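Work through the exercises below with the sequence and the 3D structure at hand. Each task is followed by a solution in steps.

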Amino acid sequence: MKMKKQLFQIMFCGHFGDPLINSDFLQMIRYLNEVNPSIMLNIHTNGSLQKEEWWVEFAKALPKNHVVYIGIDGLEDTHSIYRIGTDFNKIIKNAKAFIDAGGIASWEFIRFKHNQHQVEDCRKLSKELGFAYFSVKDTSRYVDDQPYKVLDKDGNLLYHLEEPTDTTVAGVDQTLVDNYKAFVKEATLECKALKITQVYLDARKRIYPCGFLGQTEMTMTDYGDIVDPLRRESDTENKEAF
């Protein structure tokens with residue numbers, strides 16, 4: 001109890017799942033709000049889980065300081081190309097129910113070639129729905145210039161996720177992208193977790209200094225392969241608040 005009261009922030013951001021799949025998640029949020037009402041909660045989800053009624057209760061259970069980051073990568077015709085198995089219309093209904101009930105939400109848009117033309121349409125829709133923020137991200141999956149394969153359950157190639165071809169994200173041009181790729185190859189690393197006094201608790205109750213180490217450990221142990229921790233999304237423009 002003493003430690004929970006001292007916590008400034010908790011981020012729910014699963015490497016291999018969505019926090020909302022936990023059947024006790026709503027109770028966990030209520031408990032955290034009860035023992036530490038000033039805590040900041042950041043929750044990342046694809047928004048496709050649970051029903052609208054659950055999202056209403058979710059908004060009511062959260063402390064005042066919170067943001068729920070919902071990954072919506074395009075409109076109905078493009079969203080599920082990356083977010084395989086999710087339903088765009090269901091996500092929008094859940095988000096609307098959450099926002100209308102007082103929840104603070106951020107629309108997180110990852111750009112690819114197949115959805116880059118829909119950024120402004122999604123930005124407009126996010127405002128109409130009442131999202132507090134809209135964030136565009138470019139993925140660093142392409143930092144090594146390799147095509148990103150999408151496979152079926154049997155390992156057969158379905159298609160490739162292609163890198164965006166334009167440079168419409170504010171402040172980003174090809175020179176910056178090339179410099180970033182060169183920087184990654186030569187960079188000297190320092191521990192962010194040590195600087196901000198952070199720990200990462202994974203789904204199996206194992207503690208690591210940060211999510212990068214936790215992700216690599218889980219992948220090596222449970223899947224027999226190593227995931228490059230640099231292959232993740234990173235913001236390439238400042239988050240826009242409405």
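Helices (H or I, at least four residues) and strands (E, at least two) are DSSP runs, numbered from the N terminus. Residues are numbered from 1 along each chain as its sequence is written. The model is predicted: local features need pLDDT of at least 70, side-chain atom pairs count only at pLDDT 80 or more, and totals for chains, interfaces and linings use all residues, while side-chain values use heavy atoms, with hydrogens and water left out.

**Exercise 1.** State how many helices and strands the protein has, and what share of its residues is buried.

Step 1. The protein has 9 helices and 11 strands.
Step 2. Buried means under 20% relative accessible area, exposed over 50%, and partly exposed in between (1.4 Å probe, protein chains only). Of the 242 residues, 40% are buried.
Step 3. Contact means heavy atoms within 4.5 Å. Among contacts with a separation of 6 or more, 70% join residues 24 or more positions apart.

**Exercise 2.** Describe how helix 2 and helix 3 pack.

Step 1. Axes are lines fitted to C-alpha atoms, for helices over the stretch in contact, and angles run from 0 to 180 degrees between N-to-C directions.
Step 2. Angles under 35 degrees count as roughly parallel, over 145 as roughly antiparallel, 65 to 115 as roughly perpendicular and the rest as oblique. Helix 2 and helix 3 are therefore roughly parallel to each other.
Step 3. A crossing is left-handed if the near helix is turned anticlockwise from the far one by less than a right angle, and right-handed if clockwise. Helix 2 and helix 3 cross in the left-handed sense.
Step 4. From helix 2, Phe-25, Leu-26, Ile-29, Arg-30 and Asn-33 meet Trp-54, Glu-57, Phe-58 and Ala-61 of helix 3. The residues of this contact are 6 nonpolar, 1 polar and 2 charged. Ala, Val, Leu, Ile, Met, Phe, Trp, Tyr, Cys and Pro count as nonpolar, Asp, Glu, Lys and Arg as charged, and the others, Gly among them, as polar.

**Exercise 3.** Describe how helix 3 packs with helix 5.

Step 1. Helix 5 spans residues 88-100, and its axis lies 8 Å from that of helix 3, at an angle of about 35°.
Step 2. The crossing of helix 3 and helix 5 is right-handed.
Step 3. Glu-52, Trp-55, Val-56, Phe-58 and Ala-59 of helix 3 meet Lys-93, Asn-94, Ala-97 and Phe-98 of helix 5. By class, 6 residues of this contact are nonpolar, 1 is polar and 2 are charged.

**Exercise 4.** Locate Gln-50 and describe its backbone.

Step 1. Gln-50 sits in the loop between strand 2 (40-45) and helix 3.
Step 2. Its phi is positive, about 70°, although Gln-50 is not a glycine. Most residues other than glycine have a negative phi.
Step 3. With a relative accessible area of 28%, Gln-50 is partly exposed.
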